[in-house]
Amino acid sequence: MADVLEKIKNLFMWVHPEITQKLYMGLWLLFVASCFFPYRILGLVIGLYGGVKFFLIDFIFKRCPRLREKYDTPYIVWKNLPTDPQLKERSNAILTRRIPTVVSRSNVTANAMSVYSREDDGARSHSKKNSFSEIFSLAENERPLPVCENGWRCCLINRDKKIPTDYIRHGFLYVTENYLCFESSRSGSSKKNKIIKLKEITEIQKYKVLSVLPGSGMGISITTPLTQKPLVFGAMLHRDEAFEAINCQYTKIASSISSNEP
């Protein structure tokens, strides 16, 4: 029972953004359908679907587990929803991947080719710098802070947008000395990144997407003069770490600007 409640809580807290987005899209479609069709027709359709699903489709899926693994959408969604212990294991794995591996690499190559390994590491770091600056069209000296070198996985909720595809975008959040950068995970021509100057931020605070759920939330809201409503970076497993880093850098920028003013 505890696992069921934890999965339901994580479903609404954007822990798994793709699954939560499907849920909200389904609720929006149901709302739009209720505006055009009588409730009797909707009830009849939902009842027929439930009867066919529980008495026919589920019976076939129980006899053919391989079909259930591929085509039973509710089962796949419920299975992929993590519980709180699974979230802790996932966050520990992410922290483990963030630990630098420079020491182990140097121990492997110290006996024979230490000089070449240093040159190779320098070339990789140089190409990584170029790739980051090219993605966001920034100067080469603008690099992510060490705390977010690999980025914080999150979803950008732009409440100024009315199109569902632009309303929520998944990707990674970075903070540099002067910018807050969001790299969208979409590929192709539809990929849209977001760059915010730290000096243009008027307010930054922790944010809770759904106030009815327990906990302090997993989001950060950013207010700028260019947006009517604050931008929200939600579904962040390391929300507190990201907030402290962004707020600290923002405070430094704000204090330097105020000190330079006459």
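A salt bridge is taken here as a side-chain nitrogen of Lys or Arg within 4 Å of a carboxyl oxygen of Asp or Glu. The structure is a predicted model, in which local features need pLDDT of at least 70 and side-chain atom pairs count only at pLDDT 80 or more, while totals for chains, interfaces and linings use all residues. Residues are numbered from 1 along each chain as its sequence is written, and side-chain values use heavy atoms, with hydrogens and water left out.

Two salt bridges are present in the structure. In one of them, aspartate 240 pairs with lysine 206, and the closest N and O atoms are 3.2 Å apart. Lysine 206 belongs to strand S5 (residues 203-207) and aspartate 240 to helix H10, so this pair ties together parts 34 residues apart in sequence. Aspartate 240 also forms a salt bridge with arginine 239, with 3.0 Å between the closest N and O atoms. Through shared partners, Lys206, Arg239 and Asp240 are joined into one network. Burial was classified by relative accessible area (buried under 20%, exposed over 50%, partly exposed in between; 1.4 Å probe, protein chains only). Arginine 239 is buried, at 3%, whereas aspartate 240 is partly exposed at 40% and lysine 206 is partly exposed at 38%.

The protein chain contains ten helices and seven strands, assigned as DSSP runs numbered from the N terminus (helices H or I, at least four residues; strands E, at least two). Of its 262 residues, 32% are buried. With contact defined as heavy atoms within 4.5 Å, 50% of the contacts between residues at least 6 apart in sequence join residues at least 24 apart.

Confidence is expressed as pLDDT, the predictor's confidence in each residue, from 0 to 100. The chain has a mean pLDDT of 75, and 72% of its residues reach 70 or more. The highest mean, 91, is found in strand S3 (residues 179-184), and the lowest, 42, in helix H7 (residues 102-109). Residues 99-129 have pLDDT below 50, and this stretch has seven contacts in the model beyond near neighbours in sequence.

Nonpolar cores were defined as sets of buried Ala, Val, Leu, Ile, Met, Phe, Trp, Tyr and Cys residues joined through side-chain atoms within 4.5 Å. The largest core has 24 residues, of which Trp152, Leu173, Leu180 and Phe233 touch the most other members. Two or more residues each come from strands S1 (152-157), S2 (168-175), S3, S6 (219-223) and S7 (231-234) and from helix H10 (239-260). H10 gives the largest share, six residues. Leaving aside residues up to four places away in sequence, phenylalanine 233 touches residues including Cys154, Leu173, Leu180, Phe182, Ile196 and Met218. Another core, of six residues, lies apart from the largest one and includes Phe132, Leu138, Tyr174 and Cys181.

The chain exposes about 17100 Å², of which carbon and sulfur atoms supply 60%; accessible areas come from the Shrake-Rupley method with a 1.4 Å probe, and for residues only the protein chains shown count as cover. In soluble globular proteins, nonpolar side chains tend to be buried together. Helices H2 (17-36) and H3 (39-63) each supply at least two of the patch residues, and H2 gives the largest share, four. Tryptophan 28 lies in H2 and is exposed, with a relative accessible area of 53%.
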